[in-house]
Every structure is written in structure tokens, then in C-alpha cells.
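Dear colleague,

Please find the structure below, handed over for your use.

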Amino acid sequence: RVRRTGGGFARSGVSSMSTGARRLLWGLVGVLLLLCVSPTVYARAALAASPLRGSIASAPARSARAALRRTGRRRSAFHAAAGLRLEEVARAAGTRALRVPKHVGIIPDGNGRWALARGFPRAAGHAKGADAAFRAVMELFDRGVEVVTLFTLSTENLHRDPAEVSHIMRLVTQLLRMHADTLTRNGVAVQIVHSAGCAQHLPVELYSAIADLRAKALAEIPRPEPSNSPGSSDSEAPFATASHAPVSDETKTAYNLPASSDSESNLGEAKARKTLCLLLAYGSRIDLADAAREIARQAAAGLLDPESVDEKMLASHLATGAEARHRLSTADTGALGDVDLVIRSSGERRLSNFLLWQCAYAELHFAEALWPDFGAAEVDAALRQFDEADRRFGRVP
């Protein structure tokens, strides 16, 4: 009980609160005031040690929110409670925009070792690795990467047990069908690249899954009602096809479509802002030899001057180049360009016949994690390494 006496209070029958308890109480009050009055101060300390420090500041606001939502729910809940927008958090932590690579190549290594270390068959490791691949690819796209090339199956891998090779092919097909809606919604165009003479190793179901993805992307492009005005004809509309109405100029502008096209599949490619390239039954040495053979064949036929052969021409005849893709009559006729960053898992430090020409000036990131364990933290570590690299390309800074 407490009774008022004069200018203060007098204790009656109850012992006073100890000095330590009072200090603890005031300390808790101080912490609450700090969180309520100045959350930015607290956020700065939390974000400084966060693996998202670079990705939050580097990606656009929408991509950064996606990165934060997937890779740190506890951090996301904290930032929401603090009432901070991601841009404010990044600014409070003193971050700057990361330099994000345009084209990332991935060598997903360690699926079999991951499975065997846990007493599982190798097939289980490949299944787990397929899920990790999809997550890693989407993480990269969320951070601003435009092209991701995944070394799914090499020509050397074709010498493995046929059952294992078939299992990998089925996993790729199932993955594309399972995530078709997500890929289409995010504007991801999927392409397949293989070495010359290796097309027979790819199952028909895989090509069917790619075709379905293209059809889904085309179906989502808004089109105007066909015109019934006199004098109109299909020959006047370069985008007209047997099953689709012409695309309006407004739609071309909205999706950055080319001015003209002779292929319906180009619509889906132009709509897409991101490209996932799957290397299946691919080997870089075979690719280089095939490109040199084709150039020699054209020179012998008098179609080109041998003196005109240069780096640009050779690159265009590689499997990832525009000339080769046009020659093979694939629906993907655009060049993928050089690789800026190569990521390899499992601690191995070699390229293993992966895009040797295209990786001439790529930064190399070797992660210790086996591929099924590869996640957002490893993606951020690779992108931070790329950002910190001094890319001079042989020039003096």
C-alpha cells in the first residue's frame, strides 16, 4: 500500500523495488522508445550484417521486395514492424546500387554427391537439384539479371548410365510444365541449346513443353479485334498468322516487339524480358569445331571471303549465336551474348567445357555448397563478388 505524505509518497507494508529492478525497467522503456521513435537506427544495424544488403539496394523496388520476402521472413517482418520501405532501409544502411551482370552462367555441380552422402540414390539428388535450379534462376532474375544459362547436361554426361540421362531429361520437362505459369507471368523465355549432331538425345516431350510455354506467352499478349474494313489483307500485316490477329502498334511498343517479324514465335521472345537458356547435350569444344567447319564450308563455296572472318563472325556461328540458330531453323534466333559471371557449386574450380568462348572475360565464382543446398545466400555472395570485381578488360584504369 502507498499513501501520500506531504510532498512525496511513503511506503507502507511493502518493501521498496530494488535498484537493479528499476534499472531493468527503465532499460526496457528505453528500448521500446528507440524502436518506436527511430526505427531507422535499429534497421541500420540489422541490415549491415544481412546478406540482402546488396540485393536490396541493387534491384528495383519490386524485385527487392521479392528478394526480401523469399530470403528472410524474419527480416521482412522486422522491417514491416518498423514501418520502413525497402528504399529507406537501404539508404539508412548506406548501400549503393550493385553492378548486376547481364548474363550469368551456372554449372550446377554436386547433385550426386549430395544424394550419396545422405544414403539416397543419385536420382534423388537430381530431383533436389532441379528445385534448387529453379529457385536460383528466379533469384537471379529478381535481382536484375537478364539471361541465365544453365549447364543442364553436357556431351560428356551422355556417357553416363542411360537411365540417369533419361531421368535428367524427364526432370527438365517436368520442371518446365510445373512452373509454366510462373515463367510466363514473369516474362521468362526458355530456350534450348545443344551441340551439333546431338538433337537426337533430346526427348520429344521436352520440345513439346517448350512449345507449350511459347503458346502460353503468345496467348497472354493482348490483341485487337480483327479488322473487317474493305481492302485489308494479311499481306499488309507482317504479324498476321493463320491463328492470330495482327499485333497493334501500341502492343508492339508496350512489349518492345520488333517492327516486323516472319515468325509467330518471335512474339513470345520479344515479349519476354528475361531468357533462361538450357544447355542440353552441349559441349563447347564441339561447338567451336562446328562453327569453324561451317565458316570453312561457306568460304569453300565462295559465299564469304576468308579474310573477313573475325571474332564477331565466329561468335555468330556458335550455338549461342544468331547465325547458327538461324541455320538450325530454331525458333530462338537471337544471340545470347557473352557470359559476365559463371557460378559453379560443390567447390570444384573448372569450367568443364562450358561456353569456353563466351566465358573469355567472365568473372568466376566457386561456391562450396553442393548444388541442392544452393540458395539465396549463395546467389547474393556471387553477385557481391561480381560487383567488387575490377573489370578492366585488359585496359589501364
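**Findings**

Among contacts in the protein between residues at least 6 apart in sequence, 68% join residues at least 24 apart. Please note that the model is a predicted one. The protein has 397 residues, of which 44% are buried. Its secondary structure comprises 17 helices and eight strands.

Six strands make up an open sheet with parallel pairing, and their order is 5-6-4-3-7-8. The edges are held by strand 5 (188-193) and strand 8 (363-366); each has a single partner strand, so one side of each lacks a neighbour in the sheet. On average, neighbouring strands of this sheet are turned by 20 degrees against each other, direction ignored.

Within the sheet, strand 3 (residues 103-107) runs parallel to strand 4 (residues 147-154), and four bridges join the two. In this pair, glycine 105 stands opposite threonine 149 of strand 4. Helix 9 (residues 162-178) packs on the sheet, where it touches strand 4, strand 5 and strand 6 (274-282). The direction of helix 9 makes about 150 degrees with that of strand 4.

**Two helix pairs**

Two packed helices are described by the angle between their axes and the distance between the axes. Two such pairs are set out here.

Helix 9 also packs with helix 11 (residues 204-219), at an angle of about 20 degrees and with the axes 9 Å apart. Because angles under 35 degrees count as roughly parallel, helix 9 is roughly parallel to helix 11. Their crossing is left-handed. From helix 9, Val172, Thr173, Leu176 and Arg177 take part in the contact; they meet Glu205, Leu206, Ser208, Ala209, Ile210, Asp212 and Leu213 of helix 11. By class, the residues of this contact are six nonpolar, two polar and three charged.

The second pair consists of helix 8 (residues 122-142) and helix 17 (residues 376-388), which pack at an angle of about 45 degrees with their axes 10 Å apart. That angle makes helix 8 oblique to helix 17. The crossing of helix 8 and helix 17 is right-handed. Here Ala136, Glu139 and Leu140 in helix 8 meet Ala376, Val379 and Leu383 in helix 17. The contact of helix 8 with helix 17 has five nonpolar residues and one charged residue, with no polar ones.

Yours sincerely

Technical notes. Residues are numbered from 1 along each chain as its sequence is written. This is a predicted model: local features need pLDDT of at least 70, side-chain atom pairs count only at pLDDT 80 or more; totals for chains, interfaces and linings use all residues. Side-chain values use heavy atoms; hydrogens and water are left out. Two strands pair if DSSP finds at least two bridges between them. Axes are lines fitted to C-alpha atoms, for helices over the stretch in contact, and angles run from 0 to 180 degrees between N-to-C directions. Contact means heavy atoms within 4.5 Å. Angles under 35 degrees count as roughly parallel, over 145 as roughly antiparallel, 65 to 115 as roughly perpendicular and the rest as oblique. A crossing is left-handed if the near helix is turned anticlockwise from the far one by less than a right angle, and right-handed if clockwise. Ala, Val, Leu, Ile, Met, Phe, Trp, Tyr, Cys and Pro count as nonpolar, Asp, Glu, Lys and Arg as charged, and the others, Gly among them, as polar. Buried means under 20% relative accessible area, exposed over 50%, partly exposed in between (1.4 Å probe, protein chains only).
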